[in-house]
Amino acid sequence: MLDRRHLLTGMTAAGLVVGAGARADVATYTADDFKRVRKFDAHVHINADPMVFGEQAVADNFELLTINVDYPDFPSLEAQAQVSGVLHKADPKRFQFATAFSMQGFGEAGWADKTIAHIEAAAKAGARGVKVWKNVGLIERDASGNLVMLDDVRFDPVIARIEALGLTFINHQGEPRNCWLPLEEMTTKNDRAYFSAHPDYYMYAHPEGPSYEHLMAVRDDFLDRHPKLNFMGAHMASLEWSVDALSSFLDRFPNATVETAARMAQLQHQSLRDHDKVRNFFLKYQDRILYGSDLTLNPDADAAGMRKEIHDVWLAHWRYLATADVQAVWDLDAEVKGLALPKSAIDKIFYGNALRVLGLA
């Protein structure tokens, strides 16, 4: 989700403790391999000073997808597009971007045509995808006062054009399931902090709003109606709480992929309880999972501090997925052992899958 919860996860990377070794039957990477291996972060938000992310991406051997979002706490869509355009033109190999469209005027005559024209212009400029944020389903209302849902047929012309252009449709559907739970039942400190500070988005406090189950069903209905769409479920498709639910989702929708942005702690929460189950999930669906962080740079950020944060988060996530190291995770108040995925799986999750899904291969 689009907030600063990524700041709170994995930030104890400097205090890592080496745990049990990697499995003897597979070749795995180490922490020392981090900078050597090519990697792709498929979910960042660069809304200011491109050099901060640019310099750290070069230092840590990352390529990036910066995602524009129709989010009131971010700069305008025009300002976001300007930054992403500068990045892409300066280094089209390292920096990709996804566009987003405004919901202003949704349902009015001409909205679909205007939105399609916007997407076509972005694609011509190099956009690799289109992002739809949680405002669709939780915030936006039509002229009749009804919440606008993702499966609304008024989106169909826009979705058809996205599909025809070969763009990836990136969807942030709803919120993590923690959003519908009392604070004391949430599985991560980040979620407790975020929803305490953002009561408007805290659905447990708004029982008049849509249920978690309803929003997931809406998304699934949408995919049933658009089976050929290149669909990427942001934030583990908001099924971050259960690798079983994620497995069912990926089995049902063979064109769908998911990415890990801002949901690593929920995966770690599960691996604390059943390490092999989470590891086996990543092995089985290694072709369907992309690495993403949700790291965000806004105009008010401290540039020097942000560079350290970017590196620390990337390295902590690498250690969890690629090595068997044990690291202290603030978000869980626990020490978590890494999954030590094979090199072949890491190469897909951290790089190859992004190239394929975004049409860069």
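Colleague: Which residue in β5 is the bridge partner of Val130?
Modeller: Phe169 is the bridge partner of Val130 in β5. Strands (E, at least two residues) and helices (H or I, at least four) are DSSP runs, numbered from the N terminus. This is a predicted model: local features need pLDDT of at least 70 and side-chain atom pairs 80 or more, while totals for chains, interfaces and linings use all residues. Residues are numbered from 1 along each chain as its sequence is written, and side-chain values use heavy atoms, leaving out hydrogens and water.

Colleague: How many bridges hold β4 and β5 together?
Modeller: There are 4 bridges between β4 and β5 (residues 168-171), and the two run parallel. Strands count as paired if DSSP finds at least two bridges between them.

Colleague: What about β3 and β4?
Modeller: β3 (residues 95-100) is also parallel to β4, with 3 bridges. Ala100 has Lys131 of β4 as its bridge partner. With helix α3 (residues 111-124), β3 and β4 form a right-handed β-α-β unit. Right-handed means that, with the strands pointing away from the viewer, the path from the first strand over the helix to the second runs clockwise.

Colleague: Are the faces of β4 buried or exposed?
Modeller: Buried, on both sides. Gly129 and Lys131 sit on one face of β4 (residues 129-132), Val130 and Val132 on the other. Buried means under 20% relative accessible area, exposed over 50%, and partly exposed in between (1.4 Å probe, protein chains only).

Colleague: Why two faces?
Modeller: In a regular strand, side chains alternate between the two faces of the sheet.

Colleague: New topic. How many salt bridges are there?
Modeller: The whole structure has 18. A salt bridge needs a side-chain nitrogen of Lys or Arg within 4 Å of a carboxyl oxygen of Asp or Glu. One of them joins Arg225 and Asp156, at 2.7 Å from N to O. Arg225 is in helix α7 (residues 212-225) and Asp156 in helix α5 (residues 156-165), 69 residues apart.

Colleague: What else does α7 hold on to?
Modeller: Asp224 meets Arg252 in a salt bridge of 2.6 Å, N to O. Asp224 is in α7 and Arg252 in helix α9 (residues 243-252), so this pair ties together parts 28 residues apart in sequence. Asp224 is partly exposed, at 44%. Arg252 is partly exposed too, at 45%. Shared partners put Arg219, Asp220, Asp224 and Arg252 in one salt-bridge network.
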